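Open the model in a viewer and keep the sequence panel beside it. The stops below say what to select and what is there.

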Amino acid sequence: MAKRAEHPYRSGRDKSWLKIKCGHEQEFIIVGWSPSTRSRPFSSLLLAVRDKKGLRYAGRVGTGFSNDELDRLSAMFKKLGRKTAPVKGEIPASIARKAHWLRPELVVQIGFAGFTKDGLVRHARYLGLREDKEAAAVTREKATPVEEIENMPVDKQNSPVVAGVPISHPDRVLFPEQGITKIELARYLEKAAEMMMPEIEDRLVSLVRCPEGRQKKCFFQRHAGAGLGDGFQEFEVQGSKEREKYLYITDVKGLVSAAQMGVLEFHIWGSRVDDIERPDRLVFDLDPDPSVSFDEVKKAAGETRDVLDALGLQSFPMLTGGKGIHVIAPLVRRHEWPTVKAFAAAVASRMAEQEPERYVAKMSKAARKGRIFIDYLRNDRTSTAIAPYSPRARAGAPIAWPLSWAELAKAKAANEMTVKTAFSRRRASPWKGYGKLRQSLKISALRALDVER
């Protein structure tokens, strides 16, 4: 509880008193699911974390799922089934008896009230799938005592300032392979702001924070929390059961504040806060199996461009900073999320049906072998995609780098541009005309793909 210091103590409800609910948030591995007695694909997910002895059961979560997310996860489970529990330690018999076990490959972000004495989550709620996190890296997190944080030495007076933001511990190395420090990251984001802000401002954003550098503990954040700097705003969104506050950035100060917080990646929604239900961009993430050459990925990007062009949409390419390419089409905000997602799914499915030896529209890693996954799932209400010019928390300090189609033809790898090499010389926008395009999903295109409006 919190009370305004100058107000008197009175019984009953009063605006001078606040009830502040504190909670925890971290990632867990899905190791199974419990069947539903209602008309849902499953009733709850069975969770685990890794300790010195291996995977340990950590409880279950049954709330926080939208209908689309229930269907999406259920489809993924079909390829991951196994007969025995992949966890060690005791599992309640009532749960184990009905459980459907999965290979421990999927990572999810969970909000919860705390752990029980047996190490199980209390009052857990599902926040989202962590596609950026490997299951092998998931361990139980431990909170740092407030006293320890308060006693950490901070020399604000002598901290260098970037875009009005004091940068503490400026020499802390965030990318050990290149020796890139926090102050260098802050200066990169300040330099990138002119190109980056038109794509990121006023969009809900999820952050990958690595306060001690990419080689150490990283975590995912999309809600307000401790250490949030200036330039961040909150926006309340209605979820499947309750309203939740998400983050967004309004100016360069927000970008640089993120560097001060150890943010190494920015993942954005496809809509903006003034019309959250209508996306203004369509994203296809071409994610190749490791055996697929980058030349094949570039060819796939060109074919995706041609398909979209035939449907009346001009598109633009971006190196993801990982292995793949994003093909992005700006949209007039006319259609809501379900229509845009259905359109993207239909495009991906048609391409996979026409060339099944090259493309797959399913998320299963087994199905991707030797193929390129056309990931249309970025076009969902709560899904995100890496922001243009965002760094990546990967070896080499690569960044997501927008290109013209002519520049893409000359690109050698999806991670070839880095924090150190970007903006070594002044650059005009490679997406000429992107912000002025007035295009939307045409009725004829929706009909051609059998998408209901």
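Is Lys217 buried or exposed, or does its relative accessibility put it in between? Select Lys217: its relative accessibility is 34%, so Lys217 counts as partly exposed. Buried means under 20% relative accessible area, exposed over 50%, and partly exposed in between, with a 1.4 Å probe and protein chains only.

Before going on, note that this is a predicted model, in which local features need pLDDT of at least 70 and side-chain atom pairs count only at pLDDT 80 or more, while totals for chains, interfaces and linings use all residues. Residues are numbered from 1 along each chain as its sequence is written, and side-chain values use heavy atoms, with hydrogens and water left out.

**Salt bridges**

Glu27 and Lys217 form a salt bridge, with the closest N and O atoms 3.2 Å apart. The pair connects distant parts of the chain: Glu27 is in strand 3 (residues 24-34), and Lys217 is in the loop between strand 16 (205-209) and strand 17 (219-221), 190 residues apart. Glu27 has a relative accessible area of 0% and is buried. A salt bridge here is a side-chain nitrogen of Lys or Arg within 4 Å of a carboxyl oxygen of Asp or Glu. Helices (H or I, at least four residues) and strands (E, at least two) are DSSP runs, numbered from the N terminus. The whole structure holds 28 salt bridges.

Next, select Arg278 and Glu336, whose side chains meet in a salt bridge at 3.7 Å, N to O. This pair also links distant parts of the chain, 58 residues apart: Arg278 is in the loop between strand 20 (263-268) and strand 21, and Glu336 is in the loop between strand 23 (325-330) and helix 7 (337-354). Arg278 is partly exposed at 28% relative accessibility, and Glu336 is partly exposed at 39%.

Move to Asp450 and Arg350, a salt bridge with its closest N and O atoms 3.6 Å apart. Asp450 lies in the segment after helix 9 (443-448) and Arg350 in helix 7, so the pair ties together parts 100 residues apart in sequence. Asp450 is exposed at 63% relative accessibility, whereas Arg350 is partly exposed at 31%. Check the backbone of Asp450 too: its phi is positive, about 60°, although Asp450 is not a glycine.

To see a network of salt bridges, select Glu296, Glu303, Glu355 and Arg358 together.

**Strand 21**

Select Asp287, which is in strand 21 (residues 281-288). At 19% relative accessibility, Asp287 counts as buried. Its side chain makes a polar contact of 2.8 Å with the side chain of Arg368. A polar contact is a pair of N or O atoms within 3.5 Å; within protein, one must be able to donate a hydrogen and the other to accept it, and residues adjacent in sequence count only if both atoms are side-chain atoms. Leaving out residues up to four places away in sequence, Asp287 touches Lys323, Arg368, Arg371, Ile372 and Phe373, where contact means heavy atoms within 4.5 Å.

**Aromatic rings**

There are 15 aromatic pairs in the whole structure. Select Phe28 and Phe112, an edge-to-face pair with 5.7 Å centre to centre and 75° between the planes. Phe28 is in strand 3 and Phe112 in strand 8 (residues 107-112), 84 residues apart. Both Phe28 and Phe112 are buried. Then take Phe42 and Phe65: their ring centres are 5.4 Å apart and their planes at 85°, so this pair is edge-to-face. Rings of Phe, Tyr and Trp (its six-membered ring) pair if their centres lie within 6.5 Å; planes under 30 degrees apart count as stacked, over 60 as edge-to-face and the rest as tilted. Both Phe42 and Phe65 are buried.

Select helix 6 (residues 294-310), which has 17 residues. Its buried residues include Phe294, Val297, Ala301 and Leu308. Helix 6 is followed by Gly312, whose phi is positive, near 90°.

Finish at Asp202, in the loop between helix 4 (182-200) and strand 16. Asp202 has a positive phi, near 65°, and is a residue other than glycine. Asp202 is partly exposed at 30% relative accessibility.

Methods. The expected span of a helix is 1.5 Å times one less than its number of residues.
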